Amino acid sequence: MRDKLRKWREENFRNSEQIVDVGEELINEHASKLGDDIWIIYEQVMIAALDCSRDDLAWSCLQELKRQFPDSHRVKRLAGMRLEALESPNPLWMSTQQAARKRKISILRAQGKSSEAIRELNEYLEQFVGDQEAWHELSELYINEHDYAKAAFCLEELMMTNPHNHLYCEQYAEVKYTQGGLENLELARKYFAQALKLNNRNMRALFGLYMSASHIAASPKVSAKVKKDNVKYAAWATSQISRAYQMAGRGKKENKCSVKAVEEMLESMQITMS
Amino acid sequence: MSLKLTTQAYCKMLLHAAKYPHCAVNGLLVAEKHKKKDSPRDSVLCVDCVPLFHGALALAPMLEVALTLKSRLIRPGNIFPVFNCPILIDAWCKENKYVIAGYYQANERIKEARPNQVAEKVAARISENFSEAAMIMWKCREPSTDCFEDWIEAQKITAALLESKSYESLVDFDNHLDDLRNDWTNPEINKSVLHLC
């Protein structure tokens with residue numbers, strides 16, 4: 001059980017219900033065997049308990065932590081988190097600590113104050129320019145506000161520091177695609193292709209490649225050569241999608257529909273090319 | 001013209017929102033194809049729903065993959081008119097004689113129930129093909145019982161499914177893109193709903 005909690009902690013899973021179930025049992029029945037691990041488990045279980053509206057459990061975990069670490073900033077931050085969950089005024093507002101500032105931004109987001117959250121996050125990133133979680137959060141905020149150009153900028157920062165991460169490439173391509181226009185579509189297609197190069201099983205990148213190539217080929221503004229090339233790319237993407245579905249659909253009757261749909265896609269591509 | 005939801009459609013919508021309480025979620029509602037094409041319907045009965053995405057709803061490509069492409073890709077004088085690929089959900093609808101009749105969205109913040117740009121665009125696209133299309137935005141309030149085929153049954157079954165944490169096995173289109181073996185038609189949950197009816 002301890003190992004499960006450690007794995008979830010290390011991999012940052014947000015499976016709060018499971019953490020509460022496992023953690024509560026561990027704390028109530030095996031506390032004496034946990035040694036110093038118990039404090040980090042109290043913290044993990046407390047945060048999960050807040051997610052599941054289990055204030056009773058969150059409170060008891062917090063009390064144990066306060067007793068053991070009376071002056072800790074980390075514990076004060078957890079107390080602030082609990083107040084945030086209960087929608088009470090948060091006394092940590094003016095703290096300059098990194099983690100506390102991020103909590104402040106999360107509070108603003110939870111309150112729906114997107115423009116303030118964006119402003120604070122921009123200020124935060126001027127100081128902590130390497131914080132990838134923050135860049136990603138900012139890109140999400142911009143996407144929700146439909147400010148795709150700025151979202152793209154954030155993802156560019158992430159791609160620069162993580163050139164092998166196919167997910168950032170693919171998300172960047174999605175943002176460019178959403179922005180629209182021929183130039184952005186071509187950029188989108190290139191980044192979908194890059195994401196596929198980094199991970200050839202990324203289905204979103206495959207579909208994205210198909211969609212962007214198809215749109216470019218269908219545009220009246222492109223030359224015959226560009227059209228021809230994009231038809232080829234789209235056809236390739238379709239065959240890869242078809243193959244992926246064939247492999248996934250083996251032995252499963254329910255996937256028959258999806259496989260059939262993709263086969264139709266492939267047929268229509270072949271008609272186009274001939 | 002009123003909208004009604006079957007227990008199955010309502011349950012799956014709710015399970016989708018319950019699976020991702022920290023995200024915005026959206027999806028499509030399907031109705032059975034009307035036999036008499038010329039006469040308008042008195043009410044639209046949404047028999048099922050297709051959970052689409054969770055998290056960042058405002059990105060276009062995957063949403064387009066989920067819906068049909070027809071209207072966007074056909075241009076006058078275009079020598080490639082055959083990109084009318086019936087992508088996935090549309091193909092499933094054709095096979096089951098369904099039509100996409102509506103769209104639902106639950107925002108990240110439960111108090112914010114206004115439809116955003118995405119919701120309006122999707123609803124507009126759906127209503128191009130189905131004039132009586134509906135949009136459902138989730139609010140934290142008791143819904144009006146008129147829009148349910150059987151409200152008491154819907155409540156009872158939803159409570160049972162939430163209790164048994166069935167939402168953990170709900171598959172949306174995002175899950176399907178993560179692993180193609182995940183079935184977005186959710187046959188197991190459909191069976192559970194039928195079993196509890």
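Me: Is A:Trp135 buried or exposed, and what is its relative accessible area?

Reply: This is a predicted model, so keep that in mind. A:Trp135 has a relative accessible area of 9%, so this residue is buried. The cut-off for buried is under 20%.

Me: How do I describe a pair of aromatic rings?

Reply: You give the distance of the centres and the angle of the planes. Take A:Trp135 and A:Phe153: their ring centres are 6.2 Å apart and their planes sit at 65 degrees, so this pair is edge-to-face. That label needs planes over 60 degrees apart.

Me: Where in chain A do A:Trp135 and A:Phe153 lie?

Reply: A:Trp135 is in helix 8 (residues 132–144) and A:Phe153 in helix 9 (residues 148–161). They are 18 residues apart, and the pair links distant parts of the chain. A:Phe153 counts as partly exposed, at 44% relative accessibility.

Me: How many aromatic pairs are there over all chains?

Reply: The count is 10. One of them joins A:Trp39 and A:Tyr42, with 5.8 Å centre to centre and 40 degrees between the planes, which is tilted. Both residues belong to helix 3 (residues 37–51) of chain A, 3 residues apart, or about one turn of the helix. A:Tyr42 is buried, at 8% relative accessibility.

Me: Which residues form one aromatic cluster in chain B?

Reply: Look for B:Phe53, B:Trp92, B:Tyr98, B:Phe173 and B:Trp184.

Technical notes: Residues numbered from 1 in each chain as written. Chains lettered and ligands numbered in written order. Predicted model: local features only at pLDDT ≥ 70, side-chain atom pairs only at ≥ 80, totals over all residues. Heavy atoms only, no water. Phe/Tyr/Trp six-rings, centres within 6.5 Å; stacked < 30°, edge-to-face > 60°. Helix = DSSP H or I, 4+ residues; strand = E, 2+ residues; numbered from the N terminus. Buried < 20%, exposed > 50% of the residue type's maximum accessible area, 1.4 Å probe, protein only.
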